There are 2 protein chains.
Amino acid sequence: MNSRSGFSITPAHIAGLVVGEGCFYTESRPDEKYTLGWRIRPAFCMEMRADDIGALECVREQLGCGHIYHLDFGRYKGYADRSWHPHAKYRVTRLVDLYGKVVPYFRRHQLFGRKATAFGLFAEIVEGLYQRAHRTEQGLEEMRRLAQLLADHNVRGAVGKP
Amino acid sequence: MNSRSGFSITPAHIAGLVVGEGCFYTESRPDEKYTLGWRIRPAFCMEMRADDIGALECVREQLGCGHIYHLDFGRYKGYADRSWHPHAKYRVTRLVDLYGKVVPYFRRHQLFGRKATAFGLFAEIVEGLYQRAHRTEQGLEEMRRLAQLLADHNVRGAVGKP
């Protein structure tokens, strides 16, 4: 991108973009299929207008994982009829990628503002899940607590580091 | 920000954030108070949740101009009753600041994706206005053409460089 001018996208560009558009979140809900009756699934995603998919591709390339897909379902269904722009989304949900690529990337290339706090909570959850902390009642309780803190932070505003 | 860890925000962080959240636009409309009956006013702005005002302050500090204000008027009026988060906006409208600070900053520290195209058009408009190109019929016509291209780009999607 912009290769004619010798410009290249750096990790700091990606970090800045993620501060604006990235989202670290976890799904945390009862699920009888899981041993302790609860599932916690973390994901990193970023949504932009579909005509800016090039920026999402830069992020995917830097992180070396995840998928990009066009949104025309759920609340986006029939976007054109509602005068909405088509959107595209980049998403990483595989725990091995979150643990081995996404979390280390943003530990090396720091975020700032509220997104840095969200990432700190998210990283603890991903590392806990990867180390199977949630397989014990106590560990699951801690993962649920962190997931709730992250959800509160994303919805309500800044929270302190737990 | 994050000074404890020795981390500092770089121009590439700012550029990445602007790719996600920044907006380059021009107001272009008839106005009898102007000599040729038309006014063109460019502005650079960035809006985020009010609890992320720290990120906006970083941008203002880097660019060395502009103002940040809390949004609770216009379409935001009574946001709390509508379950909206309070938002804050950073904005630069002074032509001398746009010409002397904003445009040179993003010429040195390149943007990418659609925002780079918007910035290219915006920079041409700012430079034209600063050099008073719009004081002639022909110059005004060109400024209006560029302003329309920028508006189309912002609303409809990618356009080629004119």
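## Before we start

The model is predicted, so to speak of a local feature a pLDDT of at least 70 is needed, side-chain atom pairs count only at pLDDT 80 or more, and totals for chains, interfaces and linings use all residues. Residues are numbered from 1 along each chain as its sequence is written, chains are lettered from A and ligands numbered from 1 in the order in which they are written, and side-chain values use heavy atoms, with hydrogens and water left out.

## The sheet of chain A

Let us begin with chain A. Its four strands form an open sheet in the order β1-β2-β4-β3, and the pairing is antiparallel. Here helices (H or I, at least four residues) and strands (E, at least two) are DSSP runs numbered from the N terminus, and two strands pair if DSSP finds at least two bridges between them. Which strands stand at the edges? They are β1 (22–30) and β3 (67–71) of chain A; each has a single partner strand, so one side of each is left without a neighbour in the sheet. Neighbouring strands of this sheet are turned against each other by 35° on average, direction ignored. For such angles, axes are lines fitted to C-alpha atoms (for helices over the stretch in contact), and the values run from 0 to 180 degrees between N-to-C directions.

Now follow the sheet strand by strand. Antiparallel β1(A) and β2(A) (residues 38–49) are joined by nine bridges, and Thr26(A) stands opposite Pro42(A) in β2(A). Next, β2(A) pairs with β4(A) (residues 87–92) over six bridges, again in the antiparallel sense; there, Met48(A) has Ala88(A) as its bridge partner. Finally, five bridges join β3(A) to β4(A), which run antiparallel, with Tyr69(A) opposite Lys89(A). As you look along any of these strands, keep one rule in mind. In a regular strand the side chains alternate between the two faces of the sheet.

## The sheet and helices of chain B

Chain B also has an open sheet of four strands, with the order β1-β2-β4-β3 and antiparallel pairing. At its edges are β1 (22–30) and β3 (67–71) of chain B, each with a single partner strand, so one side of each is left without a neighbour in the sheet. From one strand to the next, the twist averages 35°. Six bridges join β2(B) to β4(B) (residues 87–92), which run antiparallel, and within β4(B) the bridge partner of Glu47(B) is Lys89(B).

Helix α1(B) lies across β1 and β2 of chain B and runs at about 105° to β2(B). Helix α3(B) (residues 95–108) lies across β1, β2 and β4 of chain B, at about 55° to β2(B).

## Where the chains meet

How many residues of chain B are in contact with chain A? The count is 31 residues of chain B, in contact with 31 residues of chain A, where contact means heavy atoms within 4.5 Å. The area buried between the two chains is about 2,300 Å², and carbon and sulfur atoms give 57% of this. Buried area is the accessible area (1.4 Å probe) that two parts lose on being put together, summed over both. Gln110(B), Phe112(B) and Arg114(B) supply 25% of the area that chain B buries against chain A, more than any other three residues.

The rule finds two salt bridges across this interface. A salt bridge is a side-chain nitrogen of Lys or Arg within 4 Å of a carboxyl oxygen of Asp or Glu. Asp51(A) and Arg114(B) meet in a salt bridge through their side chains (3.3 Å, N to O). On the side of chain B that touches chain A, the elements giving two or more residues are α1 (11–21), β2 (38–49) and α5 (137–156) of chain B. The largest share, eight residues, comes from α1(B).

Over all chains, the whole structure has 22 salt bridges. In one of them Arg145(A) joins Glu142(A), with the closest N and O atoms 3.0 Å apart. These two residues are three apart in helix α5(A) (residues 137–156), which means that about one helical turn separates Arg145(A) and Glu142(A).

Last, look at Arg132(A), which has a positive phi of about 60° although it is not a glycine. Arg132(A) sits in the loop between α4 (114–130) and α5 of chain A. In chain B, Arg132(B) likewise has a positive phi of about 60° without being a glycine, and its place is the loop between α4 (114–130) and α5 of chain B.
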